[in-house]
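I opened this structure to look up a few places in it. My entries follow, in the order I made them.

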Amino acid sequence: LSVTPLQVAQAYAAIGNGGKMIAPTFVKGQRNEAHQVMDPVVANEVLRMMETVTLPGGTATQARVLGYRVAGKTGTSRKASAGGYSRRYVAFFAGLVPASNPRFSMVVVINDPAPELAYVGGLVSAPVFHNVMDGALRLMDVAPDDLDAWLAAQAAADAKRHPKTAAATTQVAGAAIAAPTAITPAKTGAL
């Protein structure tokens with residue numbers, strides 16, 4: 001099986017787009033036609049399963065981006081050599097963000113990571129995904145879809161900065177978390 005990172009990113013984008021595949025383009029303003037390649041129900045189920053990879057206990061917790069739900073998949077493979085496999089690796093992470101309404105699909109492939117440090121996709125490639133997507137989401141002004149996590153992190157940071165007012169900050173943050181909010185960015189049909 002041989003596939004390019006762009007092909008994997010396109011397949012993940014189709015999952016995030018409700019099973020509709022759109023050919024990637026590098027021409028600004030060009031829109032390609034979407035083709036239904038997967039049942040939307042199946043695409044949403046796969047997306048939900050991929051989101052568990054970045055949750056606590058998953059293999060790619062380092063791919064998480066504060067304030068955003070991330071869906072993805074890690075991969076690690078040993079390189080083939082004469083007569084079997086070598087002790088050389090390829091570390092992989094592919095993901096979508098924000099998981100509730102994906103805007104970006106990205107694949108990170110690290111060839112020959114240092115095995116004495118780490119060589120699995122969740123430890124090598126996932127942090128790269130995190131760093132790039134953290135910046136891209138801010139740069140493109142994509143609304144957060146996990147406000148609870150963002151508010152909790154803000155409350156914790158405030159508690160560290162102002163320990164005397166930590167109780168009040170936590171109460172205010174708790175009230176804000178409990179308040180019903182619905183943020184649903186407009187779906188553009190393109191990832």
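Entry: I looked at the backbone just after α1 and found G18 with a positive phi of about 70°. I note here that the model is a predicted one.

**Entry: the helix itself.** I then went back to α1, which runs over residues 5–16. I counted twelve residues in α1, and from its first C-alpha to its last α1 reaches 16 Å. That is close to the 16 Å expected at 1.5 Å a residue.

Which residues of α1 are buried? I listed V8, A9, Y12, A13, A14, I15 and G16. I reminded myself that an α-helix has 3.6 residues a turn, so residues three or four places apart point the same way. Next I looked for what covers the buried residues of α1, and the cover includes β1 (20–22), α2 (40–51), β3, β4 and β5.

Entry: I looked up the second largest pocket and wrote down about 220 Å³ of space. Ten residues line this pocket, and the closest to its centre are S2, V3, T4, V8 and F92. V8 was already on my list of buried residues in α1.

Which elements each supply at least two residues of the lining? I found α1, β4 (84–97) and β5 (104–111). By class, I put down eight nonpolar residues and two polar ones in the lining, with no charged residues.

**Entry: T74.** I moved to strand β3, residues 71–81, where T74 is found. Is T74 buried or exposed? Its relative accessibility is 15%, so T74 counts as buried, the cut-off being under 20%.

I checked the side chain of T74 and found a polar contact with the side chain of T59, at 3.2 Å. Setting aside neighbours within four places in sequence, I listed V53, T59, A60, F92, F93, G121 and G122 in contact with T74. F92 in that list is also one of the residues closest to the centre of the second largest pocket.

**Entry: E51.** My last stop was E51, which lies in helix α2. Why does E51 count as buried? I have its relative accessible area as 12%, and the cut-off for buried is under 20%.

What does the side chain of E51 make a polar contact with? I found the side chain of R69, at 2.6 Å.

Definitions and conventions
Residues numbered from 1 in each chain as written. Predicted model: local features only at pLDDT ≥ 70, side-chain atom pairs only at ≥ 80, totals over all residues. Heavy atoms only, no water. 1 Å grid on protein atoms, 1.4 Å probe; cavity = no way out; pocket = protein on both sides within 12 Å on 5 of 7 lines; lining within 4 Å. Points joined across faces, edges and corners; volume = space filled by probe spheres on them. Helix = DSSP H or I, 4+ residues; strand = E, 2+ residues; numbered from the N terminus. Nonpolar A, V, L, I, M, F, W, Y, C, P; charged D, E, K, R; others polar. Buried < 20%, exposed > 50% of the residue type's maximum accessible area, 1.4 Å probe, protein only. Polar contact = N/O pair within 3.5 Å; in protein donor to acceptor, adjacent residues only side chain to side chain. Contact = heavy atoms within 4.5 Å. Expected span 1.5 Å × (residues − 1).
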